[in-house]
Amino acid sequence: MNIKNAYKLIQTIIDSQENLIVIIENEKPSLMNKSFHTFFGVDSLEQYERDFGAFINSFIPHPSYFHQDKLQKDESWVEGLLALNKKDRIVSMINTVNEPRAFEVSIDNTHETYAVVSFKDISVDLIKCIMIENNVSIDPNSGSYNKDYFLHTSELLQEGARFNKKLIGLTLMKLMDSVEIATVVTHLKEVSRQNDMLVRYARDTLLMAYLVDSKENAALFSDKLEKVLSKDVQNKVGVVVLKENEKINSAVEKLKKRLEESL
């Protein structure tokens with residue numbers, strides 16, 4: 001195999017990876033995968049170097065993450081990361097829509113010339129841990145998840161749906177003012193499954209998010225929830241199944257508007 005074909009094979013292999021992969025030689029990237037190009041909105045390594053300069057410039061200075069200011073004198077960024085415990089090898093970088101994302105960094109430096117560096121996006125997992133640690137995941141008055149926690153971690157639900165080849169169903173339930181919301185939550189939890197998410201989306205509105213095989217099953221589950229609600233009070237219920245690549249927050253807002261218009 002000649003050098004050109006070997007280079008093409010390596011590029012094909014790293015392009016098949018979901019994580020951001022870069023091959024480093026003397027602190028500089030010599031090869032990047034497609035995920036990296038997409039994240040930074042560049043077509044080539046040359047464009048990345050023109051637009052962003054030294055690779056370490058892409059690491060956002062943040063006290064919680066590794067960045068240039070944390071390097072020792074004459075220490076390369078690869079050496080600096082390897083000197084940290086694995087759990088501390090985290091950097092933050094900004095994507096094409098100016099959204100900061102957190103990455104867990106893995107480095108293979110067994111080759112005498114090159115280091116293979118992999119960046120795994122752990123943004124949602126970090127947010128989930130931080131919110132749980134700070135007791136901001138649960139609505140104290142109802143016992144359901146709160147809206148902020150749900151929206152910040154909705155990517156995990158969508159990843160789960162893709163992995164399991166399922167659809168995401170959303171059932172929005174508007175309660176009357178006289179209802180005791182904690183009682184309703186208790187009853188709904190009795191019929192929900194382990195991976196279903198019951199969310200207090202507004203003062204008088206609950207949302208159930210769940211995985212289903214079909215739109216028909218989403219409607220059946222929604223009917224089941226409505227029957228549970230009728231034990232306490234007559235409520236308005238709306239259901240929708242997410243379209244492919246549709247964002248959860250936009251789907252919920254559309255459902256909320258549709259429900260309000262039906263009142």
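Predicted model: local features only at pLDDT ≥ 70, side-chain atom pairs only at ≥ 80, totals over all residues.

Biologist: Which strands does helix H8 lie across?

Modeller: Helix H8 (residues 181-191) lies across E7, strand E8 (197-202) and E9, and its angle to E9 is about 10°.

Biologist: How should I read the sheet to which these strands belong, and what is the order of its strands?

Modeller: In general, the strands of a sheet pair through backbone hydrogen bonds, either parallel or antiparallel. Here the open sheet has 5 strands in the order E6-E8-E9-E7-E10, and the pairing is mixed. Strand E6 (145-146) and strand E10 (236-241) are the edge strands, each pairing on one side only.

Biologist: How many bridges join strand E7 to E10?

Modeller: There are 6 bridges between E7 (residues 167-174) and E10, and the two strands run antiparallel. Met173 stands opposite Val237 in E10.

Biologist: Let us turn to a loop. Is Ser214 buried or exposed?

Modeller: Ser214 sits in the loop between E9 and helix H9 (215-229). Ser214 counts as buried because its relative accessible area is 19%, and the cut-off is under 20%. Its side chain reaches the backbone nitrogen of Asn217 at 3.2 Å.

Biologist: Which residues have the most contacts inside the largest nonpolar core?

Modeller: That core has 25 residues, and those with the most contacts inside it include Phe36, Trp77 and Met93. Among the elements giving two or more residues to this core are helix H2 (34-40) and strand E3 (90-94). Beyond its neighbours within four places in sequence, Met93 is in contact with residues including Phe36, Phe59 and Phe119.

Conventions
Residues numbered from 1 in each chain as written. Heavy atoms only, no water. Pairing = 2+ DSSP bridges. Helix = DSSP H or I, 4+ residues; strand = E, 2+ residues; numbered from the N terminus. Contact = heavy atoms within 4.5 Å. Axes fitted to C-alpha atoms, helices over the stretch in contact; angles between N-to-C directions. Buried < 20%, exposed > 50% of the residue type's maximum accessible area, 1.4 Å probe, protein only. Polar contact = N/O pair within 3.5 Å; in protein donor to acceptor, adjacent residues only side chain to side chain. Core = buried A, V, L, I, M, F, W, Y, C linked by side-chain atoms within 4.5 Å.
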